[in-house]
Amino acid sequence: MNNNDFLRVENLKKHFPLRSGFFRGISAYVKAVDGVDLTVQKGETLGLVGESGCGKTTLGRCILRLLEPTEGRIFFEQQNIMGHNHARMKKLRQDMQIIFQDPYSSLDPRKPVGHIIGEPFVIHGVYDRKERKNRVKALMEVVGLRPEQLNRYPHEFSGGQRQRICVARALALNPKLVIADEPVSALDVSIQAQILNLLIQLQQEFHLTYVFISHDLAVVKHISNRVAVMYLGRIVELAGNHLLYGRPLHPYTQALMSAAPIADPLSKRDKIILSGDVPSPIRIPPGCRFYPRCPYARETCQQEIPQLREMEPGHYVACYFPRIEER
C-alpha cells in the first residue's frame with residue numbers, strides 16, 4: 001500500500017455481539033466485516049459489489065465511523081482517524097459525507113427541503129441565515145432542482161428528485177470523499193441513469209472521490225474506475241473496471257458475472273449455478289469463506305484464509321486456485 005493513498009483501510013473489522021439468556025450475556029458475534037484491506041486514490045470511484053448481507057453497507061459506515069469498528073485502522077489523507085474524538089470527527093465530517101440508500105426514509109418528512117439541504121451548515125455553524133439560503137438555492141440548481149421548490153416537503157417530490165435532495169445535502173460542505181450507499185437501487189430504471197450521470201458530472205465539477213456501494217454489476221461498471229468484490233465480510237477480488245469485467249479470476253466473481261442480465265437477447269452465456277447458501281456470519285467456516293459453495297474447492301481451501309495477492313498488475317485475488325486458464 002502507498003503512503004500517498006487518499007483513503008486506506010487496514011484489517012478493518014466490525015463484529016456485532018449477540019446477547020441471549022437471562023443475564024443478556026454475549027453468546028456469539030455477527031462478523032459483518034472481518035479483515036478488510038482497501039485503498040482509494042484521490043478523484044477515483046471505487047465500486048464495492050456483492051450479495052445482500054455481505055457487509056458492504058457496514059464497511060461504508062465504518063469508514064466514516066458512523067459505526068465504530070471493532071478493530072483496524074482507517075487513514076484519511078494520511079491521518080489515522082481511529083484515534084479521533086467526537087469533536088475532531090465532527091470537523092472531519094465536512095470532508096467525508098454519505099448518500100443513503102433510501103431517499104424516502106433518509107429525509108425528514110416534517111421539514112421543508114430547504115431546511116434539510118441547509119442543515120449541515122447549521123450543525124457545523126457556517127454562514128449566516130441569508131448566506132445559507134443562497135447556498136441552498138445554488139445547491140438545488142447544481143443537482144437539477146428548481147430553487148423555488150425549497151419550501152416544499154419531501155412527499156411533494158418524486159423518488160428521483162428526493163435522491164437529488166440527498167445528493168445536494170451531501171455536497172453542502174464541499175466534501176472530498178462521498179460514500180454512495182446503493183444510491184439508485186430504490187429508483188426506477190429510467191431514473192437510475194439520470195442520477196448516475198449526475199454523480200459523474202458532480203465528481204468532475206467538484207473533484208470528488210467516491211466509494212460506490214451497489215449489488216448491481218451494470219451500475220458499478222458504468223460509474224467505477226476500480227471494483228472490489230465482497231463476500232461474507234471480506235474482499236475476494238479487486239481490479240480495474242475493464243480487468244474485472246473482462247476476465248474475473250475468483251470463482252465467486254465469475255458466478256456473479258454469469259448471473260447478471262445482459263441486454264442482447266441473442267447472446268448466450270453459461271450460467272454458473274452455485275450450490276448451497278451463503279454461510280451465516282455467526283458461524284463462518286474455517287479457511288476460505290467461499291469453499292462450501294465453490295465448484296473448484298480443494299482441501300487447502302478449508303485450512304487457511306487466502307489473502308489478496310496480485311495475479312497481474314493491479315489485479316488482486318484472494319483465492320488459492322484462481323481460474324486463470326478460463327479467462
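This is a predicted model: local features need pLDDT of at least 70, side-chain atom pairs count only at pLDDT 80 or more; totals for chains, interfaces and linings use all residues.

Residues are numbered from 1 along each chain as its sequence is written, and side-chain values use heavy atoms, with hydrogens and water left out.

**Starting with α1**

Helices (H or I, at least four residues) and strands (E, at least two) are DSSP runs, numbered from the N terminus. Helix α1 covers residues 56-63, and six of its eight residues are buried, so the rest of the structure largely encloses it. Buried here means under 20% relative accessible area, exposed means over 50%, and partly exposed is in between (1.4 Å probe, protein chains only). The buried ones in α1 are Lys 56, Thr 58, Leu 59, Gly 60, Cys 62 and Ile 63. After α1 comes Arg 65, with a positive phi near 60°.

**α3 and what covers it**

Now to helix α3, residues 113-123, where Val 113, Gly 114, Ile 116, Ile 117, Gly 118, Pro 120 and Phe 121 are buried. The cover over these buried residues includes α4 (129-142) and α5 (159-171).

Two packed helices are described by the angle between their axes and the distance between the axes. Axes are lines fitted to C-alpha atoms, for helices over the stretch in contact, and angles run from 0 to 180 degrees between N-to-C directions.

| Helix pair | Axes come within | Crossing angle |
|---|---|---|
| α3 and α5 | 7 Å | roughly 30° |
| α3 and α4 | 9 Å | roughly 120° |
| α5 and α6 | 10 Å | roughly 20° |

Angles under 35 degrees count as roughly parallel, over 145 as roughly antiparallel, 65 to 115 as roughly perpendicular and the rest as oblique. With the axes of α3 and α5 crossing at roughly 30°, α3 is roughly parallel to α5. The pair α5 and α6 is therefore roughly parallel too.

How about handedness? A crossing is left-handed if the near helix is turned anticlockwise from the far one by less than a right angle, and right-handed if clockwise. α3 and α5 cross in a right-handed way, α3 passes α4 in a right-handed crossing, and the crossing of α5 with α6 is right-handed as well.

**Who touches whom**

Contact means heavy atoms within 4.5 Å. For classes, Ala, Val, Leu, Ile, Met, Phe, Trp, Tyr, Cys and Pro count as nonpolar, Asp, Glu, Lys and Arg as charged, and the others, Gly among them, as polar.

Between α3 and α5, Val 113, Ile 116, Ile 117 and Pro 120 meet Ile 165, Ala 168 and Arg 169. That contact has six nonpolar residues, no polar ones and one charged.

On the α4 side, Val 113, Gly 114, Ile 117, Gly 118, Phe 121 and Val 122 of α3 meet Arg 132, Arg 135, Val 136, Leu 139 and Met 140.

The contact of α5 with α6 holds seven nonpolar, three polar and one charged residue.

Arg 135 in α4 is partly exposed, at 32% relative accessible area. Setting aside neighbours within four places in sequence, Arg 135 is in contact with Phe 121 and Tyr 127.

**Positive phi in the loops**

Most residues other than glycine have a negative phi. Which way does Glu 77 go? Its phi is positive, about 50°, although it is not a glycine. Glu 77 sits in the loop between β4 (71-76) and β5 (79-80) and is partly exposed, at 26%. Asn 174, not a glycine either, has a positive phi of about 55°, and its loop runs between α5 and β7 (177-181).

**A pair of cysteines**

Cys 294 is buried at 17% relative accessible area, and Cys 319 is buried at 10%.
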